[in-house]
There are 2 protein chains.
Amino acid sequence: MGRRSTGNVPELVERAREGDARAVARLISLVEDASPLLREVMAGLAPYAGNAHVVGITGSPGVGKSTSTSALVTELRKAGQRVGVLAVDPSSPFSGGALLGDRVRMQDHALDRDVYIRSMASRGHLGGLSWSTPQALRVLDAAGCDVILVETVGVGQSEVEIAGMADTTLILLAPGMGDGIQAAKAGILEVGDVYVVNKADRDGADQVRRELRSMLALAERSGDDWRPPIVKTVAAKGEGLDEVVAEIGNHREWLASSGERDVRRLRRARDEVEAIAVTALRERWGDVHGRSELDELAGAVVAGDTDPYAAADRLLADIGEGLTAT
Amino acid sequence: MGRRSTGNVPELVERAREGDARAVARLISLVEDASPLLREVMAGLAPYAGNAHVVGITGSPGVGKSTSTSALVTELRKAGQRVGVLAVDPSSPFSGGALLGDRVRMQDHALDRDVYIRSMASRGHLGGLSWSTPQALRVLDAAGCDVILVETVGVGQSEVEIAGMADTTLILLAPGMGDGIQAAKAGILEVGDVYVVNKADRDGADQVRRELRSMLALAERSGDDWRPPIVKTVAAKGEGLDEVVAEIGNHREWLASSGERDVRRLRRARDEVEAIAVTALRERWGDVHGRSELDELAGAVVAGDTDPYAAADRLLADIGEGLTAT
């Protein structure tokens, strides 16, 4: 791959800003591949990001996330919004088939110039969000998306991770999934901004809503005054999505007027900067001179020759004078 | 709390090694409270840890983890083993009640001098393992436990976390829990060393075993040659636990003979040392002069004045000359 196929970064950024889908795709690939050009890409995008509203979409397998995401795209397009979709796939080989099937529905939008759709592998985090998701969000943001939907499979941590990255977090439930119990376990009561009971034409939808409402009333949500609405949808028929879009809009207005938007974005940037710095340090510790310093220290801990704190002190001393693990 | 109630660390360690349950409890409390004495505690324990076999026990809510843990303690005591139990509770207020009920069964062992039982709150990690679990393991280890059982609620990440800390990971399933599907999602196929189908007197137990067996045959397990057995139990009646103990023993022997035990312990120590060092750096970045350096950099990223990589470089430059995020 020579200079021609990689492309010139400032030119790619310029073309992405003009709505060139291939330039957008190329930039996201650079992000995914952790290209050596990544720093230059991020520096080039920095002045243009910060306008898109990021909507996280999560829920247990089977609640209809992909169908809902696709129906939401349709609804947002009706309103003239430019839409980005990041589908973060679980890494498990077992679910590949099913998701591939779901993805096909997205092809309704494949020819729409104002919709960018991208599947990302979630490396390292089981079922969770890829480390590169925040950077891919920045690409779509700089490319002029008004709304970016991030769809992820809900298994444990990922609801919380997505809530950390999104302006508005949508939690999907459906009747007959045993979600009443799962809800409390997975922490979804604390992180949702809008709750959607999908497959609402099935038995039990009202019960799911009632149960959720009473649990939300009891949940300890960190002192905000947003009362998350519960919307019923039948995504496969496109029903109720207008209301979901309206509630996303309400939440967006609340975020802006309450100052919570800035709080969330600051937190997001903080997490991202910190993760980059920590990753750099991990690489340094993990491989300095062939055999890593960290391995040697870990060996001393296993042998009982030192303890983990003293070992951590040694790691820290390696990077800076006077640093200790206290 | 003056010096008297805290106790003298070398003396506490000495008493814990002699089997004094109160000294063990006190040391774990120092760990849990992140006491200023923590470093001294860890240094004091270092020469005496490394003998216990750590068994992680995980599975979805309702499979009978606590009952199984208690029955395992009974079985291990029959074999004359000194046993430690760390029960890592989920932080969700909703499940507190149910777990409290389970805990009661543990009181069968409350008067046994050779059983240490301790519940730990899982702070910060939703449903996952407490950051202080490895340190509490070291206390029980140094106190002469032959086997330490770590019981945790299985929601997403925690199976993987516990597998990182345990020598042998037990995955519990039960008929009628929809675990067949959950199995693939949560990554339990990759991390279990021994699988237990509990409530085996119920309909569907054989089907769960069959399904699990065929999924395990397909799973991409990192190139080890241990073939995880599947054991059927009825923990409430104490049935099948002898076989579980036997399989734990088989796995323990395999770990030793294959060299995998050392690999796992080295990795565990590595993760622990790294986590301590990273936590120290996070604290430093998070609060330097009232308003934190990280907050200022995050603000510049949000404003588009800089990008996350350049911001990470600034963080790194603060701790050491010439460090960059590449």
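B:Lys232 is partly exposed, at 28% relative accessibility. In this predicted model, the side chain of B:Lys232 takes part in a salt bridge with that of B:Asp206. The N to O distance is 2.7 Å. B:Lys232 belongs to strand 7 of chain B (residues 230–232), whereas B:Asp206 belongs to helix 11 of chain B (residues 205–218), so the contact ties together parts that are 26 residues apart in sequence. B:Asp206 is likewise assigned to the partly exposed class, with a relative accessible area of 40%. That value falls between the 20% and 50% cut-offs, and B:Asp206 is therefore neither buried nor exposed.

Salt bridges with shared partners also build a network. A:Glu11, A:Arg15 and A:Asp20 are joined in this way into one network. Over all chains, a search of the whole structure returns 33 salt bridges.

In chain B, a salt bridge links the side chains of B:Arg15 and B:Glu11. Here the N to O distance is 3.7 Å. Both residues sit in helix 2 of chain B, which covers residues 9–17. They are 4 residues apart, about one turn of the helix. B:Arg15 has a relative accessibility of 29% and counts as partly exposed. B:Glu11 is partly exposed too, with a relative accessible area of 44%.

A further salt bridge lies in chain A, between A:Arg261 and A:Asp262. The closest N and O atoms of this pair are 3.9 Å apart. The pair qualifies because the distance is within the 4 Å limit. A:Arg261 is partly exposed, its relative accessible area being 25%. For A:Asp262, the relative accessible area is 49%, which again gives a partly exposed residue. The 49% of A:Asp262 does not pass the 50% cut-off, so A:Asp262 is not classed as exposed.

Cysteines were examined next. The count of disulfides over all chains is 0. A:Cys145 is buried, with 2% relative accessibility. B:Cys145 is buried as well, with a relative accessibility of 2%. Both values lie under the 20% cut-off, so A:Cys145 and B:Cys145 fall in the buried class.

In summary, the model contains 33 salt bridges and 0 disulfides.

Definitions and conventions. Residues numbered from 1 in each chain as written. Chains lettered and ligands numbered in written order. Predicted model: local features only at pLDDT ≥ 70, side-chain atom pairs only at ≥ 80, totals over all residues. Heavy atoms only, no water. Buried < 20%, exposed > 50% of the residue type's maximum accessible area, 1.4 Å probe, protein only. Helix = DSSP H or I, 4+ residues; strand = E, 2+ residues; numbered from the N terminus. Disulfide = S-S within 2.5 Å.
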